[in-house]
Amino acid sequence: MTKKLLFLLDTDSVPSVFDTVVGYDGGADHVVGYGGVTTENVGALVDGTIYTRGPKEKQYTAIFVGGGSMVAGESLFKVVKKRFFSNFRVSVMLDSNGSNTTAAAGVALLAKAKSLASKKAVVLAGTGPVGMRAAAMLHIEGAEVAITSRQKSRADEASKAIKDRFGFAPTPIEAVDNTARAAAVKGAQVVFAAGAIGVPLLDEKDWQNDPTIELIADCNAQPPLGVGGVEAVDKAKERHGKIVIGALGLGGLKLKLHRECIGQMFTSADQVFDCENIYAQAKVLA
Ligand SMILES: NC(=O)c1ccc[n+]([C@@H]2O[C@H](COP(=O)([O-])OP(=O)(O)OC[C@H]3O[C@@H](n4cnc5c(N)ncnc54)[C@H](OP(=O)(O)O)[C@@H]3O)[C@@H](O)[C@H]2O)c1
């Protein structure tokens, strides 16, 4: 039986343990991680995947692009795909820091709870991989999207990167602290918190009596959580009249989706998993 090999190409210096574990749980027999992978040094790694197995066995080799930078991940993903030609290709997935799968789980659960069309959505700390993809998926649902950052220049850069990839630019907002983020969510119906692990972004008092906020998702599982008053295990739970989703509430779907995509990569050699089709799968699984 041909072994299922998953090559983890990580833009960070050390390949992700999380993505390694999920690679095995998704069905790989071996997960081989490479750190510090760049657009300059990736060529030989890709060649190793496409020239080693015959047409019938190629589906058992797959590539996963990860790492902490969405922009670096997107560039690497592009170069990997460009290296393929005719049937010298393997299936490939982009999920920098769990960006696509985490955002997809969160947004799909929000969309399942209520239509997001024409709603105002604010992605708090929307400059990281998860926030940038959440902005794109909220846009796919028809929401009007803004992203916050502690620095205007970072919000501008992330908005431009999203425009380059998806053709729309979320409104960039500078919000230096919880008070500024409370002001940023005024008038919005949807709040998606995508801040770094263990960083509180919004206090409970700033959303519990808000007249417009209807839906809140928070991706951060490590206390203190991103949004005060949301429990990590909340899954479309009603709190103060709003529907809230915590990091563990969306984490189950994220893991299911991540494993599912890994498993599907080994069913043919030509699959490409990125934002749009990962989000479509999340909606089926949600
Ligand atoms: N629930 C799940 O299944 C699951 C899976 C994967 C990831 N996650 C979580 O999803 C969240 C987002 O992941 P990510 O990789 O996109 O995040 P990230 O890149 O580490 O951080 C996102 C943004 O947080 C902001 N930030 C950093 N330190 C901050 C501070 N002290 N105060 C305020 N803002 C701060 C930064 O924005 P600015 O510098 O622009 O302000 C940064 O761009 C994380 O909490 C991660 O743990 C959850």
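Predicted model: local features only at pLDDT ≥ 70, side-chain atom pairs only at ≥ 80, totals over all residues.
Seven strands make up an open sheet with mixed pairing, and their order is 7-6-5-8-9-11-10. Strand 7 and strand 10 (235-239) are at the edges; each has a single partner strand, so one side of each has no neighbour in the sheet. On average, neighbouring strands of this sheet are turned by 20 degrees against each other, direction ignored.

Strand 5 (residues 120-124) and strand 8 (residues 190-193) run parallel and are joined by four bridges. In this pair, Ala 121 is opposite Val 190 of strand 8. Strand 10 and strand 11 are also joined by four bridges, but they run antiparallel. Here Lys 235 stands opposite Ile 245 of strand 11. The hairpin formed by strand 10 and strand 11 has two residues between the strands, and His 240 in this hairpin has a positive phi near 50 degrees.

Strand 5 and strand 8, joined by four bridges, belong to a sheet on which helix 4 packs. Helix 4 touches strand 8, strand 9 (215-218), strand 10 and strand 11 (242-245). The direction of helix 4 makes about 160 degrees with that of strand 8.

Helix 6 packs on the sheet as well, where it touches strand 6 and strand 7. Its direction makes about 165 degrees with that of strand 7.

## Helix 6 in detail

Helix 6 covers residues 152-166, and at 1.5 Å a residue its 15 residues should span 21 Å. The C-alpha atoms at its ends are 21 Å apart, which agrees with that expectation.

Which residues of helix 6 are buried? They are Ala 155, Ala 158, Ser 159, Ala 161, Ile 162 and Phe 166. Viewed down the helix axis, these buried residues fall within an arc of 160 degrees, so they line one face of helix 6. On the other side, Glu 157, Lys 160 and Asp 164 are exposed.

The buried residues of helix 6 pack against three helices, namely helix 3 (70-83), helix 5 (129-140) and helix 9 (275-285), and against strand 6 (144-149) and strand 7 (171-174). Just after helix 6 comes Gly 167, with a positive phi of about 80 degrees.

A second open sheet has five strands in the order 2-1-3-4-12, and its pairing is parallel. Strand 2 (30-34) and strand 12 (272-273) are its edge strands, each pairing on one side only.

Strand 4 (residues 91-94) runs parallel to strand 12, and two bridges join them. Met 93 is opposite Phe 273 of strand 12. Helix 3 lies across strand 1 (5-10), strand 3 (61-66), strand 4 and strand 12. Relative to strand 4, helix 3 runs at about 165 degrees.

## Nonpolar cores

The largest nonpolar core has 70 residues, and those touching the most other members are Leu 6, Ile 63, Val 80, Leu 138 and Phe 192. Helix 4 (residues 99-113) gives the largest share of this core, eight residues.

Which residues does Val 80 touch, not counting residues up to four places away in sequence? The contacts of Val 80 are Leu 9, Val 42, Val 46, Ile 63 and Val 92.

Note on methods: Residues numbered from 1 in each chain as written. Heavy atoms only, no water. Expected span 1.5 Å × (residues − 1). Buried < 20%, exposed > 50% of the residue type's maximum accessible area, 1.4 Å probe, protein only. Arc of directions from axis to C-beta. Contact = heavy atoms within 4.5 Å. Core = buried A, V, L, I, M, F, W, Y, C linked by side-chain atoms within 4.5 Å. Pairing = 2+ DSSP bridges. Axes fitted to C-alpha atoms, helices over the stretch in contact; angles between N-to-C directions.
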